[in-house]
Amino acid sequence: MTVTLGILALLEAKAGKGEQLAAFLKAGRELAVAEQGTVTWYAFKISDTSYGIFDTFATDGARTAHINGQIPAALAQVSADMLASEPDIQPVSLLAVK
């Protein structure tokens, strides 16, 4: 399988909401595991308020299914409470993979 596609989502938590956002991201792993087309899924912390998600896909159809799936829907439901700004979600093309 050739993995050439990804999504990078950067999230900025409201003041005092970082731990809540971290818990939400940890729980999101279960949804990612259920997605057949998602090859890898990472949730990460940059600072007390900056977090992110990086995931990879082998096909554009899998990436589109993910974008239209449960994780973005769940994020949309909690974003007004937890996020200081709209998520910065960017599709990416992978240049090299090990």
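Entry 1: Strands here are DSSP runs of E with at least two residues, helices are runs of H or I with at least four, and both are numbered from the N terminus. I then noted that Ala9 has Ile53 as its bridge partner in strand 3. Strand 1 and strand 3 run antiparallel and are joined by 8 bridges; two strands pair if DSSP finds at least two bridges between them.

**Entry 2: the source.** I recorded that this is a predicted model, in which local features need pLDDT of at least 70 and side-chain atom pairs count only at pLDDT 80 or more, while totals for chains, interfaces and linings use all residues. Residues are numbered from 1 along each chain as its sequence is written, and side-chain values use heavy atoms, with hydrogens and water left out.

**Entry 3: the other strand pairings.** I followed strand 1 to strand 4 (residues 88-93), and these two run antiparallel with 6 bridges between them. Within strand 4, Val92 stands opposite Gly6. I also found 7 bridges between strand 2 and strand 3, again in the antiparallel sense. The hairpin that joins strand 2 to strand 3 passes through 4 residues.

**Entry 4: cover of strand 3.** I checked how strand 3 is covered and noted that 7 of its 8 residues are buried. Buried means under 20% relative accessible area, exposed means over 50%, and partly exposed lies in between, with a 1.4 Å probe and protein chains only.

**Entry 5: Ala43.** I located Ala43 in strand 2, where it stands opposite Ile53 in strand 3. Ala43 counts as partly exposed because its relative accessibility is 37%. Apart from neighbours within four places in sequence, Ala43 is in contact (heavy atoms within 4.5 Å) with Leu25, Gly52 and Ile53. I also looked up Ala58, which is 15 residues from Ala43 in sequence and 19 Å from it in space, C-alpha to C-alpha.

**Entry 6: the largest pocket.** I found about 210 Å³ of space in the largest pocket. Of its 14 lining residues, Ala9, Ile71, Pro72, Leu75 and Ile89 are the closest to its centre. Two or more lining residues come from each of strand 1 (5-12), strand 3 (50-57), helix 2 (60-67) and helix 3 (70-82). Helix 3 gives the largest share, 5 residues. I counted the classes of the lining as 10 nonpolar, 2 polar and 2 charged residues.

**Entry 7: terms for the pocket.** A pocket is an open set of points on a 1 Å grid over the protein atoms alone, where a 1.4 Å probe fits, with protein on both sides within 12 Å along at least five of seven lines; lining residues have an atom within 4 Å of a point. The volume is the space filled by probe spheres set on the points. Asp, Glu, Lys and Arg count as charged, Ala, Val, Leu, Ile, Met, Phe, Trp, Tyr, Cys and Pro as nonpolar, and the others as polar.
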